[in-house]
Amino acid sequence: MPGSSRRSKSKTPPVVPGAPSVTAPSVTEPTQPHEPLPPKPDQAAPRPSTPTGVPVPAPVEAMAQQGAYLTTAQGARLTDTDHSLKAGPRGPVLLQDHHLREKITHFDHERIPERVVHARGAAAHGVFAANGAAEKICCASLFEKGKETPVFVRFSTVLGSRGSADTVRDTRGFATKFYTDEGVFDLVGNNIPVFFIQDGVKFPDIIHAAKPHPDREIPQAQSAHDTFWDFVTLHTEATAHTLWNMSDRGIPRSYRMMEGFGVHTFRLINARGKTVLVKFHWKPKLGVHSLLWEEAQIAAGVDPDMHRRDLADAIESGAFPQWDLGVQVFPDTEEQTFEGIDLLDPTKLVPEELAPVQVIGTMTLNANPTNYFAQTEQVAFHPGHLVRGIDHTDDPLLQGRLFSYLDTQISRLGGPNFAQLPINRPHVGTNDMFRDGMHQTAVHSGVAPYRPNSLDGGCPFLAGNKDAALIEYPEAVAGQKVRAAPKSFDDHFSSARLFYASLSPVEKAHVAKAYTFELGKCYEKAIKLRAVTVLRQIDEQLAQTVATGLGLPLPAGKANKKVKVAVSPALSQLGGKWPTDGRIIGIFADESTDLKDLATTVATISAQSMTPLVIAPHGGELERGGTQVTVSRTLDTVRSIELDALVIASTADDVRLTLLLQEAHRHLKGIAYTPDGADAVRAAGIPDSSAGVAATKTVAAAFDAIAALLPEHRVWARGAEYSV
Ligand code: HEM
């Protein structure tokens with residue numbers, strides 16, 4: 001199922017996603033033996049296959065558990081798992097209790113090391129459909145017109161540990177595994193197109209600086225601390241990436257609303273052996289949208305799982321997230337530059353206005369994992385997993401990554417055989433002559449895992465070019481052995497200036513606030529002064545605003561006043577209109593509400609691929625005159641952060657409702673109310689004249705009013721009221 005297009009857009013009746021079980025559980029414990037329940041309809045697992053990637057007919061559920069009775073790991077049925085074997089009911093536990101020891105021992109070893117970076121993640125299965133536009137430049141079968149390739153995508157934060165909050169200010173990972181019919185291709189990217197460092201050898205430095213301080217192990221999952229700013233202000237090649245982190249890109253609204261970037265330049269090779277250089281881009285159909293900083297902070301407390309919940313809920317309710325995959329294409333020249341931009345320098349981007357992003361296919365995420373550990377945790381991406389027609393360039397950051405991932409996965413996944421884990425198995429046969437090792441699950445036959453051999457009949461054989469073999473492009477290389485970077489890598493600021501100059505005024509204001517917040521959390525004045533000095537290289541006004549916020553003088557030194565700064569409008573995320581699939585509409589109601597109107601509106605919202613959340617003073621159901629509506633949130637369990645818009649349709653008077661309304665208003669959400677809700681809106685101090693606030697006659701009309709605002713993500717016109 002993963003990657004197949006079996007799940008089409010949901011036509012089923014409205015669901016409120018998130019219920020944990022496939023059937024409604026009984027209040028009393030079920031005692032009648034039966035087979036395990038199947039996964040929920042939105043869930044999928046890796047295609048059942050042998051360790052060498054050959055499909056097997058067993059249903060995927062049966063690969064993990066089967067039969068109606070609890071057994072030992074050896075398959076013997078058990079009569080009791082609640083009591084240890086003892087010498088009498090009050091006596092000591094006997095050493096011979098193998099079930100006790102097996103159960104506890106397995107539990108004791110349930111954890112594996114978390115990823116050293118990108119530990120916190122969420123994933124989904126899907127399918128990539130190629131439109132054929134890349135056929136001329138790349139011979140990889142996955143880009144053939146109409147070809148559908150299963151994918152597994154893992155989104156992540158970089159800095160935090162596995163249990164940290166989703167909404168922290170950080171870069172997001174965007175890693176895609178394509179199970180192509182020529183082997184696995186991994187595109188291991190981020191939601192930010194530039195990186196902190198130009199050479200992989202610096203990766204431990206940036207990560208050590210950004211991780212919590214080694215003495216107290218604080219702060220968790222964030223860059224607002226001295227060691228991070230110490231490093232990035234001394235190591236100025238990090239300036240552009242740091243600026244992107246301080247922009248709205250550092251706090252996405254949802255994984256579904258992020259761009260993805262391969263960052264490095266890759267080489268594509270076509271059927272005639274001709275090459276081009278490319279940069280990969282994922283463009284979300286829903287547009288690029290962000291949280292406000294206050295929302296991100298509240299969410300870290302009240303819903304630390306916000307992004308993984310959002311992804312899973314959207315998929316469960318049939319609002320399948322989609323991205324176009326595009327490439328910027330550059331000639332493969334000897335100097336590997338484009339319009340003066342060094343294509344091997346991962347701290348630089350190429351503006352889309354200079355090299356348009358050409359769409360080569362579309363990815364749809366259509367199924368949630370059935371088991372987090374087996375899939376999301378055990379998946380192993382690697383920028384070295386390539387297929388024919390796609391090759392690396394000499395970007396020194398990429399070259400460092402090529403070593404790092406396999407090395408770390410050996411320790412994270414406990415040995416060299418993790419490619420055999422179901423989620424990592426390719427969807428083509430493998431025949432690799434790698435043998436033995438921890439957790440070997442293949443039973444190899446033959447006696448000659450070496451080449452050349454005659455004892456196994458010479459198997460396996462080498463492919464020729466016509467057998468769809470991997471292509472290592474014969475690039476000419478020469479040079480002296482040096483520890484040095486090319487001169488062009490000395491430019492540490494042009495990319496940052498380009499990004500900042502391309503932002504709208506409100507986005508620029510967010511950047512200034514983010515720097516002021518982060519540096520305000522630092523203790524060392526010298527580091528703050530150094531940071532402002534670096535900001536003068538980006539923009540004098542930005543430096544001045546941040547210095548004022550920090551209560552510091554503008555440090556002496558050269559500003560960048562005379563530099564000509566390019567602009568790329570495509571880098572701003574405001575100004576457009578986007579689809580609203582998966583948006584969350586809160587409707588506050590109680591028994592005073594017209595429940596027929598409410599029920600119809602709930603159905604309308606679901607039918608438009610959005611999620612209605614009925615909020616009431618109490619849980620359970622609202623019921624009147626034969627109409628029943630399920631309550632999804634109460635005033636105790638809702639905050640504005642999880643809603644994209646709010647309808648008030650009740651006469652209830654509650655201070656928590658006032659807080660909800662005030663937050664929704666401050667967070668620039670569309671608000672509409674029926675005559676019943678007028679008093680609550682007034683009590684919250686929200687004037688009728690406020691932008692994006694509508695008085696309507698019915699719940700249905702209230703939804704129509706806010707639905708008209710959603711395509712722009714927020715009511716930006718209200719921003720000035722709060723300077724957010
Ligand atoms: C353009 C620069 C980079 C990008 C876009 C990037 C992206 C990513 C992503 C998306 C992941 C998470 C994969 C997952 O979901 O499992 C990841 C993990 C990781 N990255 Fe990077 N990374 C970059 C640079 C580097 C560098 C320079 C190194 C080391 C030299 C490195 C080392 C690692 C390691 C060790 C992991 C954990 C892998 C695992 O445990 O499976 N990364 N990276």
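**Notes on the sheet, the domains and the cores**

1. Ile585 has Ala645, in strand 19, as its bridge partner. The structure is a predicted model, and this pair belongs to a parallel pairing between strand 14 (residues 584-588) and strand 19 (residues 645-648), which runs over four bridges.

2. In general, strands of a sheet pair through backbone hydrogen bonds, in either the parallel or the antiparallel sense.

3. The domain assignment divides the protein into domain 1 (121-424), domain 2 (493-571) and domain 3 (584-722). Taken over C-alpha atoms, the centres of domain 1 and domain 3 are separated by 36 Å.

4. Which residues make up the contact between domain 1 and domain 3? On the side of domain 1 there are twelve, in contact with seven residues of domain 3. Helix 5 (293-302) and helix 6 (306-316) are the elements that give two or more residues to this side of domain 1. Helix 5 supplies the largest share, four residues. By type, the residues on the domain 1 side comprise six nonpolar, three polar and three charged.

5. The largest nonpolar core contains 126 residues, and Cys138, Leu243, Val511, Leu535 and Val546 have the most contacts inside it. Strand 2 (residues 121-130) contributes the most to this core, namely six residues. Both domain 1 (121-424) and domain 2 (493-571) provide at least three residues to this core.

6. Val546 may be examined individually. Apart from neighbours within four places in sequence, Val546 is in contact with Ala512, Tyr515, Thr516, Leu519, Val532 and Leu535. Of these partners, Leu535 is also listed among the residues with the most contacts inside the largest core.

7. UniProt, in an unreviewed entry, lists residues 71-459 as "domain: Catalase core". In the model, this span is 21% helix and 21% strand, and its end C-alpha atoms lie 41 Å apart.

Definitions and conventions. Residues numbered from 1 in each chain as written. Predicted model: local features only at pLDDT ≥ 70, side-chain atom pairs only at ≥ 80, totals over all residues. Core = buried A, V, L, I, M, F, W, Y, C linked by C-beta atoms within 7 Å. Buried ≥ 20, exposed ≤ 12 C-beta atoms within 10 Å, placed from the backbone. Domains from an automatic or database assignment. Contact = placed C-beta atoms within 7 Å. UniProt positions renumbered as here; feature names shortened; annotations may be inferred. Pairing = 2+ DSSP bridges. Nonpolar A, V, L, I, M, F, W, Y, C, P; charged D, E, K, R; others polar.
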